[in-house]
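I opened the notebook to look up a few contacts and ring pairs. The entries follow in the order I made them.

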Amino acid sequence: MIVTLIVAGEVGFWVLLALALAVRYLLRWRTVSTALLLGLPLIDLVILVLTVLDLRGGTTASWTHGLAASYVGFSVAFGHSLVTWADGHFQHRFAGGPRPPKAPKYGAARAAYEWRIFARTALAAVITVGLIAGVTWFVGDPERTAALNAWYQRMGTITAINLVIAGSYTIWPKQEKRKSESLL
């Protein structure tokens with residue numbers, strides 16, 4: 001049930017976002033669009049509340065309950081940047097806006113970009129771990145929520161991998177190929 005809920009939440013996120021952007025740029029109803037965009041965090045709230053209710057109802061926690069917390073954590077940490085990305089692309093495609101800038105590929109700019117991704121990933125991990133700890137406390141039965149403990153290590157691993165990626169772009173910045181090298 002929880003996986004279905006997460007998939008429905010993800011689909012709902014993109015459908016609601018597309019609808020909000022279509023209303024904003026095609027119909028020019030900015031107020032309605034803003035109201036629809038404000039509904040995006042409600043999807044996370046519904047997923048979180050239904051997950052907690054499922055556990056409070058006596059269900060033994062599984063990896064799916066941790067996945068729900070992780071979905072909410074990543075949605076909160078990356079949600080604004082996803083909406084900004086989608087807004088820029090929609091505006092360019094359907095409203096004559098400028099082409100959105102691409103992520104930098106080389107040098108210090110790429111390293112800074114990777115550190116921003118790392119910061120969002122670390123924030124997502126902190127939110128996920130906090131939600132799992134809160135759900136475990138709220139349910140009040142450590143035996144039924146023991147499966148959630150594995151998510152502490154998972155979030156640490158994800159954060160560590162992202163730290164290595166960001167660090168590698170800082171220590172060994174990717175350099176743009178010179179024209180003479182690309183012709184060989």
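**Entry 1: a threonine**

I began with threonine 136 and listed its contacts, leaving out residues up to four places away in sequence; threonine 136 touches Asp141, Thr145 and Leu148. I note that the model is a predicted one. I then looked up where threonine 136 lies, and found it in helix H5, residues 107-139. Is threonine 136 buried or exposed? Its relative accessible area is 19%. Buried means under 20%, so threonine 136 is buried.

**Entry 2: two helices**

Next I looked up how helix H2 (residues 30-38) packs with helix H3 (residues 40-56). The angle is about 20°, and the axes are 4 Å apart. Angles under 35 degrees count as roughly parallel, and therefore H2 is roughly parallel to H3. Which residues make the contact? On the H2 side I wrote down Leu36, Leu37 and Leu38, and on the H3 side Leu40, Pro41 and Leu42. I sorted the contact of H2 with H3 by class: six residues are nonpolar, none is polar and none is charged.

**Entry 3: aromatic pairs**

I turned to the rings. A pair of aromatic rings is described by the distance of the centres and the angle of the planes. How many aromatic pairs are there? The count comes to five.

One of the pairs is phenylalanine 13 with tryptophan 14, with 5.1 Å centre to centre and 90° between the planes. Planes over 60 degrees apart count as edge-to-face, and this pair is edge-to-face. I checked accessibility for both residues. Phenylalanine 13 has 6% relative accessibility and counts as buried, while tryptophan 14 has 32% and counts as partly exposed.

Phenylalanine 74 is partly exposed, at a relative accessible area of 24%. Phenylalanine 78 is buried, at 17%.

I also found a cluster, in which ring pairs link Tyr25, Phe90 and Phe94.

**Entry 4: arginines over rings**

Last, I looked up arginines that lie over ring faces. Phenylalanine 94, part of the cluster with Tyr25 and Phe90, has arginine 93 over its face, 5.8 Å from the ring centre. Arginine 110 lies over the face of tyrosine 169, at 5.0 Å from the ring centre.

Terms used
Residues numbered from 1 in each chain as written. Predicted model: local features only at pLDDT ≥ 70, side-chain atom pairs only at ≥ 80, totals over all residues. Heavy atoms only, no water. Axes fitted to C-alpha atoms, helices over the stretch in contact; angles between N-to-C directions. Parallel < 35°, antiparallel > 145°, perpendicular 65-115°, else oblique. Contact = heavy atoms within 4.5 Å. Nonpolar A, V, L, I, M, F, W, Y, C, P; charged D, E, K, R; others polar. Phe/Tyr/Trp six-rings, centres within 6.5 Å; stacked < 30°, edge-to-face > 60°. Buried < 20%, exposed > 50% of the residue type's maximum accessible area, 1.4 Å probe, protein only. Lys NZ or Arg CZ within 6 Å of the ring centre and 35° of its normal.
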